[in-house]
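Please walk through this structure with me.

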Amino acid sequence: QVQLVESGGGSVQSGGSLRLSCAASGLAISGDCMAWFRQAPGKEREGVAVISTGGISTYYADSVKGRFTISVDNAKNTMNLQLGSLKPEDPAVYYCAARAVPCYSASKFSRASLYNYWGQGTQVTVSS
């Protein structure tokens, strides 16, 4: 049974940083296609960052490029998202997702419908 558990959300001031983690069980992150999504109230779920199998490629939404960094820790079977220079438009529930199928071109896998497993989400709040 696949389980994804996010942690690390919270409240931070505008311009600040947070680190989100996603601990996986039931699948090996190193062999999978993994992503972070976010959803703000009244908005569609947005693909924020994707990391391909083996970390060969990464994709970032234009809204977070240069500020967020996706990474994996294969030894801990964990995926991370470093959020930096947080802006008022960044608050949302952040979700980690896994395809349970390899991918090698991260930019082609930013749609939520392509993912089969989801975490419960972690809230990120930005105060001015």
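Predicted model: local features only at pLDDT ≥ 70, side-chain atom pairs only at ≥ 80, totals over all residues.

Residues are numbered from 1 along each chain as its sequence is written, and side-chain values use heavy atoms, with hydrogens and water left out.

Start with the sheet. It is open and has 4 strands, in the order β1-β3-β8-β7, with antiparallel pairing. Strands here are DSSP runs (E, at least two residues), numbered from the N terminus. Two of them pair if DSSP finds at least two bridges between them. β1 (3–7) and β7 (68–73) are the edge strands; each has a single partner, so one side of each lacks a neighbour in the sheet. From one strand to the next, the twist averages 15°. The angles behind such values are taken between N-to-C directions, on a scale from 0 to 180 degrees, with axes as lines fitted to C-alpha atoms.

Strand β3 (residues 18–25) runs antiparallel to β1, and 5 bridges join the two. Within this pairing, E6 stands opposite C22 in β3.

C22 leads on to the cysteines. A disulfide is a covalent bond between the sulfur atoms of two cysteines. The criterion used here is a pair of cysteine sulfur atoms within 2.5 Å. The count by this rule is 2 disulfides. One of them joins C22 to C96, with an S to S distance of 2.1 Å. C22 lies in strand β3 and C96 in strand β9 (residues 92–98), so this pair ties together parts 74 residues apart in sequence. The torsion about the S-S bond of C22 and C96 is about 55°, so the disulfide is right-handed. C22 and C96 are both buried. Buried means under 20% relative accessible area, exposed over 50%, and partly exposed in between (1.4 Å probe, protein chains only).

C33 and C103 also form a disulfide, with sulfur atoms 2.0 Å apart. This pair links distant parts of the chain, 70 residues apart: C33 is in the loop between β3 and β4 (34–39), C103 in the loop between β9 and β10 (117–118). The S-S torsion of C33 and C103 is about 75°, so this disulfide is right-handed. C33 and C103 are both buried. With the bonded cysteines numbered in sequence order, the pairing reads 1-3, 2-4.

Turn to the charges. The structure holds 4 salt bridges. Each is a side-chain nitrogen of Lys or Arg within 4 Å of a carboxyl oxygen of Asp or Glu. What links R38, E46, R67 and D90? A network of salt bridges does.

Take D90 first. R38 bridges to D90, with the closest N and O atoms 2.9 Å apart. R38 lies in strand β4 and D90 in the loop between β8 (78–83) and β9, so the pair ties together parts 52 residues apart in sequence. R67 also forms a salt bridge with D90, at 2.7 Å between the closest N and O atoms. R67 sits in the loop between β6 (58–60) and β7, and D90 in the loop between β8 and β9, so that pair ties together parts 23 residues apart.

D90 is buried at 0% relative accessible area, and R67 is buried at 13%.

The side chains of D62 and K65 meet at 3.1 Å, N to O.
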